[in-house]
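Keep the structure open as you read.

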Amino acid sequence: MTTSSGTTTTLSKSTSTGSTKQRVSYFYQPDVGHFYYGPSHPMKPHRIKMAHHLILTYGLYRQMECYRSHPATSDEMSAFHSEDYIQFLGKVTPDNLRGYGNQMQKFNVGEYTDCPVFDGLYEFTQLYTGASLDGAVKLNRGDCDIAINWSGGLHHAKKSEASGFCYINDIVLAILELLKVHARVLYIDIDVHHGDGVEEAFYCTDRVMTFSLHKYGDFFPGTGHIKDTGAKEGTGFSVNAPLTSGMTDEAYERIFKPVMDKIMEVFQPGAIVLQCGADSLTGDRLGCFNLSLKGHAECVRYTKSFNVPTLVLGGGGYTIRNVARCWAYETSVCLDMDLPNEIPYNDYFEYYAPDFQLHL
């Protein structure tokens, strides 16, 4: 791994809990959970606020540096996205969308798509993107070892197109920020859906390796075949694990760990971005895997064990009580803290009925 001083050290997993505690920074914007995609839409930003309240009531915030992130500017977003697309997102509202028919079709936004125009859409993209950029900058400066933004991880957005509930690709923007300091960045995606927007953005470069584990076969977005391995200079730098429905903790781990070992040995990234989409959990409204919180979080724990600066992001997750459980638990894993299984009383306590337990 490349350190801030520019020297190179070999990557080794930390095995003892006695090793230096990793410094964790947490990025949150209080308004991010107040946006609403609309009735019957499965994406609920409210889940970010629910996770935040568990992080508060479990006392996890005391062990991290907590930051209110800045809203990303259009200039920051245009590092990846086209300017006409960003301008469109900044102007379109539920009240004026009739005048944007052609552009809505062009940019895959609005009625008849899975990316609706809702109140505050552009502000929402600014908030989740700014938090990911702030996390990347914090890691670049060497001010923390792990940066967490549960509102980020919107991996389907393309350069000039919304897709799969995602409008601005905060992951691509954060990786571009990390590449200012690090020669190589590894992107890992444990969402049930293929991380197509991130893979596509870096498909022809050898500076970013993408590793996605996802349901494949008659499932959105339809990409992520095992033979899709990159192009030009990026040939061999896209790694896809197309999986079947019903993946258990054991089956998932048997793929994740050996592949990670090989990637870390060969690629030796200076930084890692880990997208923790919680739709790969059992019982998800849209997902079809059978992972427990512990199985999902084992990927976080194992990634963390390589002691490489890591940006931890959210993503999918549509049974919102379980999304909040998952991200609160994974925050505790980043902090090496044990959580009691009884969920502490909080503003959203009734969501966790009937058992009010952390683990599923």
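**Salt bridges and a buried helix**

Start with Asp 355, which is partly exposed at a relative accessible area of 40% (buried means under 20%, exposed over 50%, partly exposed in between, with a 1.4 Å probe and protein chains only). Before going further, a word on the ground rules: this is a predicted model, where local features need pLDDT of at least 70 and side-chain atom pairs count only at pLDDT 80 or more, while totals for chains, interfaces and linings use all residues. Residues are numbered from 1 along each chain as its sequence is written, and side-chain values use heavy atoms, with hydrogens and water left out.

So what does Asp 355 pair with? Its side chain meets that of Arg 325 in a salt bridge, 3.6 Å from N to O (a salt bridge being a side-chain nitrogen of Lys or Arg within 4 Å of a carboxyl oxygen of Asp or Glu). This pair links distant parts of the chain: Arg 325 sits in helix 10 (320-334), Asp 355 in the segment after that helix, and 30 residues separate the two. Helices here are DSSP runs (H or I, at least four residues), numbered from the N terminus.

A search of the whole structure turns up eleven salt bridges. Another one joins Arg 301 and Glu 298, at 2.7 Å from N to O. Both residues belong to helix 9 (residues 293-304) and lie three residues apart, about one turn of the helix. An α-helix has 3.6 residues a turn, so residues three or four places apart point the same way. Glu 298 is buried at 19%, whereas Arg 301 is partly exposed at 39%.

Glu 265 is exposed, with 52% relative accessibility, and Lys 262 is partly exposed at 49%.

Now move to helix 5. Is helix 5 largely enclosed or open? Of its 20 residues, 18 are buried, so the rest of the structure largely encloses it. Helix 5 covers residues 121-140 and reaches 29 Å from first C-alpha to last, close to the expected 28 Å (1.5 Å times one less than the number of residues). Just after helix 5 comes Gly 142, with a positive phi of about 75 degrees.
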